[in-house]
Each structure stands twice: as C-alpha cells, then as structure tokens.
There are 2 protein chains.
Amino acid sequence: MKKITLGEISGDATTKVLQALEQAGDDVIVQFTGACYHFWPERAYEAYYFISNNRHGLKRIGLPLINRRNVTIDGGGAQFIFHGEIIPFVVDRSTGITLRNFSVDWERPFYSQGEVVASDVDGVDVALDPIMYPYRIETGHLIFEGEGWESPLTTGVFAFDPKTRAPAYLSGDSMGLGYPKNIRAEAVGKGVVRLCANFPQLPELGMVVVFRHHHRHIPAVFLIASQDLLLEGVTLFQAGGMGIIGQFCENVKLLACEVTPAAGRIFSVCADASHFVNCRGEIRVEDCLFENQLDDPLNVHGLNTRITEIIDGHTILVELVHHEQHGVSVGFTGDAMRFSDNATLLGYARNKIAEVERINARYARVRFVDPLTEEVKLNHVIENMDWTPDLYVTGCTIRNNRARGFLASTPGKIRIWGNQISASGSGIKISGDANYWFESGAVEDVEIRDNDFGECCYGDAPWGKAVIDIDPEIAHPETNPACFHRNIRIENNRFATSDIGILFARSVDGLTFAGNQIRQTGFYPAVGRMSQALTFEGCRSVLVEGNEGLAPEGTHSQALTGPSTI
Amino acid sequence: MKKITLGEISGDATTKVLQALEQAGDDVIVQFTGACYHFWPERAYEAYYFISNNRHGLKRIGLPLINRRNVTIDGGGAQFIFHGEIIPFVVDRSTGITLRNFSVDWERPFYSQGEVVASDVDGVDVALDPIMYPYRIETGHLIFEGEGWESPLTTGVFAFDPKTRAPAYLSGDSMGLGYPKNIRAEAVGKGVVRLCANFPQLPELGMVVVFRHHHRHIPAVFLIASQDLLLEGVTLFQAGGMGIIGQFCENVKLLACEVTPAAGRIFSVCADASHFVNCRGEIRVEDCLFENQLDDPLNVHGLNTRITEIIDGHTILVELVHHEQHGVSVGFTGDAMRFSDNATLLGYARNKIAEVERINARYARVRFVDPLTEEVKLNHVIENMDWTPDLYVTGCTIRNNRARGFLASTPGKIRIWGNQISASGSGIKISGDANYWFESGAVEDVEIRDNDFGECCYGDAPWGKAVIDIDPEIAHPETNPACFHRNIRIENNRFATSDIGILFARSVDGLTFAGNQIRQTGFYPAVGRMSQALTFEGCRSVLVEGNEGLAPEGTHSQALTGPSTI
C-alpha cells in the first residue's frame, strides 16, 4: 500500500492536511511524522450531518474521509489539537478506514471546571482559572468564552470528588437540581463564582465542579454509512459531544483506545465515550479505557420510530421522536422492519421496506412490500432488523463517568468478557423503550462473563438501581404475554461494590446468574435502592446457582416470590 | 393553462397543500378558494438554505416551488396563517412563477409589543398582553414564548409613537442603547414588565415598545436562482426575517404588494420589506406599500467578497465576511468579476471565473480565466458584474419603518419615479462598502424623479443625515483618483421635511439636482445633522439648478466650496 507522510505544519494545519488527504487518494497510509498539529474550523471542510444522539447541524470537519477506500491515518503518536467548533474526524460512505496512533484534544475545551471553596444552603462558591476557562457573568448568567464561541450553562454543573476522581457520591446533575434552565451566578472575588441555588446535594470543599456549557454539537469521531473501520491507539481527551459515534456502519473495531482527561482536568469528553446506532456486522471494543466522560462509556442500540399515521394498506407515516434522533434514516429499500406494541414492546410483525420518502428530519413516509397487518396501530413503533450488530467488549476498563456503564441493546450476540467495570450508575444496562428515548433492541443472546465489577450505583438514582440493570420500559411486565429480552447469561463475574443491588431483571426469558462472587466493599455507605441482591420482574426460566457471597442466603429467592413468572 | 383548485382545509393544511403543489405539475394555476389556511412546520418540506442578509439554516417551508415552470399560486384573497418557524414560500431554480392575491401572517408573531405605562432614568415599565404575546421572566431575562420556540430579546426593543405610527423621534435601537446583550427585566405587576436600563432616549407614556426577540431565520418569501417572478397583491403582515428576499434571480416584479401591520400591531415584518442580492434583469417594484417593518423597505445590491489569499497567478481565496452573507455563491463559471481596492472602492480589473471551489460557507477558491493583474492585493474585493439588475421603483409608498428608505446599489438603470417616501433615516441611500457590510454596487445611471419626500432622518443618527444620502464608504473621497458613483439625476421631486439636510453626495461624477421643491414642515424639531441642504464631498460635474425653497440661497454653494472637486 502506498504511503504519504506529513511532517510538521506550523499554524493552522487544516488546509494542508485536507489537501494531502484529497491528493492521497485511496489504498494509502497517511503517516503523520510531526509531534503536534493544530486545526481551526475557519477554512475547514463543511457539511450538514444528522448525528444520532448528538446535535445535527452544519459542521466544520478537520479530517473528512468521504467516499474513500482503504485509507489509514497513522498519527505516529501526534497530538491533534483542535480550536473551536470543528469535528476532528468524519468517516462517511467509506470502507476499510483505520485511524491510528494519535490523541485529540481542544485548546479550550467545551466544558470548564473549578474547585469548591465555600458552600451553604443558598449556594456554592467555585474558584475557576480564568485563563484556562475564560468566562464572564452577565445579568446573573455565567457565560463561558471559547475560541469562536461563547455559551451559558446548558445542562448545568456536575460535581466530581478529586479523591476518587469519580462523580461525587449521590450527587446527580447539578448536584441534585437536574437541568435547571439557569443557575444564577455572582462574582464573589477574582476568579470565584457563586452559584446561587439550593443544591440538594451540597458538595464538600475541595470538590471539583464541572460546568456543562455546550450541547452535543462536536463529537470527536463520526462514522456514518461505512464499513470495516478500525480505531487503534486513539486517545480522546475532549469532545464537544460524544467521543465516537457510529450510525449505519458495518464492522467497527475500537482497539486500545482511551477516553480520558487531559492533565489538570477531571473531565474527558462531554457525553458518551462511544455510541453505535443502527449498525451491523460486529462492533468490537477491546482493551479500551473510558473514564471521566460526562455520559455512558458505550451504548449500542437501534431506533424505535413511532407510527403517527396509517396512510394506506401499505404505507405509514413515522416519526423520529427524540430530537437527537432527528434526521437519522429509518432504513432503506429492502430492510426488514419489526413492528412492536409501544406498551408491551413486543414485536408482532415484520415487513420489508418498499420505499422511504423523507418528509423532513422528523417524519418519513414508509411504504412496505407486504400489506400492513391488522395489529398496526398509532403509537406503535418500527425498528430496523437489518441494522443490528453483534457486540464484543473485552479487556476494557470503564470508570468515574457520569451515568451508566455498558448499554447494550441489540439482538445480535453480545459478549461482555473480562472487563473492569465501574460507573456511577449501573455497570451494565440492557433496556429498550418505545415511549421516551425510543432506543430499541430486545436482546437474544448475551454473555456477561469474567468481569470485575467495582463500585456502581453511587450516583443519582435514575442512573441505576443495580450493578446489572435489565429494565425494558414495559408498564406491566408481569402480565406481558411474552418476555421482551431472552437468553442472558451472567457467569463467573466478581462483584465488589458497596451497594446491595447486583442484578435487576425485567421481562427476560432465560436468565442465568451463576458462578459469580459477590463482595460488599463498604467503600461508600450502601445506597439501598434495592432490598436484595437479585430481583426479577416478569422473568421466565431463571437459573441462579453456584454464586459466592449472596448472603444472607435466600435474598434472591425472596425476590423470586415477587411478580416473577418463574 | 390548466387550473387546479384547493378549497377549505381544516387544521394543518401543510401536507395537503404540498401534495397538491406536487401533483399539479408545471404550466398550472393553483387556485385557492377557501378563506383561510393554516400551516405548521411539523410535517413541512425541509431544506437547508443560505439566505443572504437573513440567517442560514435548515428550514421548514410551507409552499416550496422548486424546479418548477409556469406556476401561478392564486390565493383568491385567502389568509395564509403560519404557526412557528416555517418559511411560507421558497421559489428555487424555477421560471415563470406568480404568487398572487393572498396575505401572510403568523398566529403568534416573532416580535411582541406593549405600551409604556411608566418610565424614569432607571427604566421603563411596559404593559404587554400576555395572551397575544406570551412571555416569562427568568433570572432577569425576558423570554418570549411562541409556537414551538422561545427566545430572549435578540436585538433589544424599539419604540414607536402611536400618534404618528412611526418610530419615536430620535429614538434608535433600544431607545438609544443599540443592541445590548441583555436588558434586565423585572415583573412589576400582572402583565407589566420593567425594563431596567438607563435608556438615553426615554419614551413618552403611551408609546409602543416593540420587543425584538428573533433573529432573521424566517423570511416570508425567499427567491433563489429563479427567473421571471411576479408577486402581485400579496400582503405580508409578519415574517421572522425579511418580507421578500431574492438572490441570483432574474426579472422579479412586485406589483401592488403590501408589507403592513396586522390590526392591533404597530410592527409588520421583522426586517427589510424587500431585498435583492446579486440579481439581474429587471427588479420592478410598483404600487407597493411598505410600512412599519423593522428595517429598510427595499435594498438592491451585490456582494463584495474579500481576497484573503493569493494562491497562484490565476487563483485567489475569497471570504464572505458578513455572517449574513455566508453561504451565498460568489458566482459561476464564466461570470465577469470586478476587482476593487477596499480603500478607494475603485475597480481596476475584470476577469472571468474559470472555476469556483467552495471551501465552506465562508470561503471559496476562485480560479480565473486570465492571469491576475499586479494590482491584486489582500483585502481587496471582487464583485460579480454579471448579476446586476436594472431597478424600477414607481408608485410606491414607504413610511414609518426603522432605518432607511430605498437602498439602491446596482450599476444597471435605477429609476425611482413617483413614489411617496418617508423613513426614520434617509429616504434614499446609495452607498457601497468593502469593509463592513460588503454590499457592492457603484451606480452608473440613476434617475430620482417626481417623488414626494415626507419626513425623513427623524430617527437614530446612523440611519441618515440627509433625505438622499449618497455615501460610499471611502476614507478619502477628496483625493480619490476617480469617483465611485456616476450619473445621478435628482429632478422634479418635492421635499417636505423638518430637517435641513436634503442631499449628501460623496464621490459622484455627474450629479444633477434640479427642478426640485423643498419645504420645511416644522413637524419635528429640526435634527440638524447637516448644516445646509446640499453637501458634496469629492464629487465632479455637479449641476444644481431650478430648485425652489433652497433658502437661504447660497446654502448649497457654501457646501460646494468644501472638499468638492467641482
């Protein structure tokens, strides 16, 4: 394979790198040999992208790889430093792309941080470094200033404990306030800002408050409509959105990648470390470290698209309900779609797409090959069964992030083997809903094996009630005519955590919890969202055996007498 | 020509009208026969548009006419009522389109208004109708609520005098504050808001304050890359942007159109009534009424695009500097571009485009057929000489709007005949600059004849110093090697205004001011921005003769002894 090299580039490397990428053609290794490259949005490539679970928009892109074949970007260990609102990498309609051996950071990150220097019931004083995190206060609003952007708080603030480097114990978004539209700010000294609010979870002195002041406009790596992609040895220190987001891709591997804070920061990327929507083939995540990002380390799911009108015997109008799904394709001619009831989540029919006519980012008209069946009703959903991957997660470490750990919702094989798992919410979550997030994917073959689960569920209640949380959002699982998920095996794992709840499972047919070791660490005071280690709701064929440390014995059997159908 | 009719449609007419337009095909009259049609953005057509002098973005569009031939939309007098962020009409890559006989309004307009009920040096109390103009106050911010949107003040507030229905005397943007980032608001009673600021131009009790809380996202009619367009009998009561904006169009006629406030409102559209950028053929504006819009009634100009890099002997990188020009095309292969010096504004070379390569919305690489001449320097500008129209404005009335009257900057014929002209700034402005607005267009043949000029220049100083203001932004007009504009004839007009300044002219070669009648009305106290009726700077071949009311005689000749070259 031919190879081109790119040496040091002083100043803005954007144009030179873009031209080099264009001239390189296909079947090429683009080898960076410099130590550091800087990219600004000003003269960058531009395109409109609908990026699932991030914000769609007209984006500037530093290194676009569009309609390319067999291209390897080898950073040679270089730092890629970005300035302002520019997406580092987009891989679009390409095959055989490798991104290797570099780090991504921003000169001025999209979040800021400061240290708690005082607090009382009326507010919290935070000391910020105004050189690293420029800001001003304007009519009670804290406005952060960046390179070509400025922004008030968007999703509030977030407290980390510098002793653990983890989210502060029991502290949720905005220390219990959630997402307030505004937190009134006052200057109380040079570089000290008072956040005036009655925070339910007052932070301790010395804790670090992260200011969340950007929506998810700028993920670091966006993969769309591409195949056979490898990210190897890529370190993401920041992103104004997710770290890696893929949609409608086939075969993606993350190998020895890291999402981790840069020196002096306690936060890494602004949202999920990695996220895959409507992909297929294999998603492999191996030997990665995902820590301190402000949302989940990994989420693999499909989309439930709501039926809003039945137009004729073959045709429906569907809606992408969640605003961060707007503009994502429903599917393509020939794709098999599953129809499900939004209350039971149970699929009742499949039908192939004859044609999709996009109305706008939110609505599409979908005509099917076969006639619609009689069960099809408004508010039911369709999901694309031809875009569901297998998922392999091995040798990874996740910790110290906001929210949950691995989220896996795909009917393909799911193998979560030999990982170090800790999260402020559940360590693994397998959900599915058709009413709020519209993230689909009943699982059919899951193996969670040989993992070390550390502290989990020490954060805000909605992020998790048990270390492994299988909770499809079904109103009445105990009377559901069938189970939503099936065939989940949780075997030979080690759980070392402070809290009581190890497994919560709803609507699973075929669930094994065997050969696991459970140990209470006492590191945190037990939160006690669950009253026993194992809880089952509306499950069938549950096998619990050979576990150590499930004391007092009987804990789980007590749960099994609940609304389980075992 | 075939004709299809569209009767009453209850509820959201968007989908039915869109389908009817699609099915109608070309060479058709689409006749509305109902009284009123409502349009929501939810299921509307969507496209990304770069709309000059408005905001670019992903737009929902109620009635798109794209790639159409000979289509007439006849509203039959219907009201078209829009709800939320939806552009009523886009005409794109079409020929022979007529929009006729309807009105456009929004259920909830993009601006709000209220009455001044108290004021002092620390602020102004305004009573708003919270049913018509829903709002809330949040941490000192006044947030207006609409259908699917909410917005704080964007460009502040604006005072109108209900006795004259015109902008309050000498009151500018935000009553002298300009565009403050925020005006702190307090609730002082049910439906009464105190605007806390030291307004330099305190409004009188009973004056009407218009709250400007939307950027220019939603013009009413956007015309792009189309030919032979007629708008006849169209009334625009509102738009969240300009009324009618055309770019790269050929032959556009506005006949008997109105931009005027709906009952109960003092404002009509949020920005210019009509605006044409890089058009050609003829722009005809006949028998129209444009009043109470929050910016100019008409502006016809080209774009000066800045040279930011000389890449090679044939190629430059150019920048669209003003953010509301971003994404507008520089031109097309074969277009003749004029190169000008940004200090003198004088053109020194022409060259045809061989190829335009768009980098992003702001930058383009332009390769020329002939070699670049030696004079080409950074910060010089290019303008497209193949997209310059003739302009005919006859029988129109303009009044009571913010800012200026007719803005005309095109080298084609300009004929402003028989109009009623009043504006809070200059009644006619012929400018040109290459450093701030980047609006181009040295004039070559202008006739301003038989117009009745009423009160002008009673508003904020930057909007005008004389009734006719010819002020290309040239740093040293008196030493410019040549004049920028030429051949302007101002004849047989009647001026009845309170202020002294009738004509200011800079850098015009061939200027006649003859046969005009001038009368001081005394309606407003004279503002006195000029010390004589006529002022000339760096002009040549000026002829002033046969005017009435230029008292004291000698006023203008005093000015002629200034830095004029006559």
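How many residues does the contact take from chain A and from chain B?

## Contact between the chains

The contact takes 17 residues from chain A and 17 from chain B. Two residues are in contact if their C-beta atoms, placed from the backbone, lie within 7 Å. On the chain A side, the largest share is three residues from strand 4 (residues 45-49). By class, this side of chain A has six nonpolar, five polar and six charged residues. Ala, Val, Leu, Ile, Met, Phe, Trp, Tyr, Cys and Pro count as nonpolar; Asp, Glu, Lys and Arg count as charged; the others, Gly among them, count as polar.

## The model

This is a predicted model: local features need pLDDT of at least 70, side-chain atom pairs count only at pLDDT 80 or more, and totals for chains, interfaces and linings use all residues. Residues are numbered from 1 along each chain as its sequence is written, and chains are lettered from A and ligands numbered from 1 in the order in which they are written.

## Domains of chain A

Chain A is assigned domain 1 (2-108 + 216-295), domain 2 (111-212) and domain 3 (303-384). These bounds come from an automatic or database domain assignment. The centres of domain 1 and domain 2 of chain A, taken over C-alpha atoms, are 29 Å apart. Here 12 residues of domain 1 of chain A contact 13 residues of domain 2 of chain A.

## A sheet in chain B

In chain B, three strands form an open antiparallel sheet, in the order 11-12-13. Strands (E, at least two residues) are DSSP runs, numbered from the N terminus. Two strands pair if DSSP finds at least two bridges between them. Four bridges join strand 11 of chain B to strand 12 (residues 141-145) of chain B. Arg136(B) stands opposite Ile143(B) in strand 12 of chain B.
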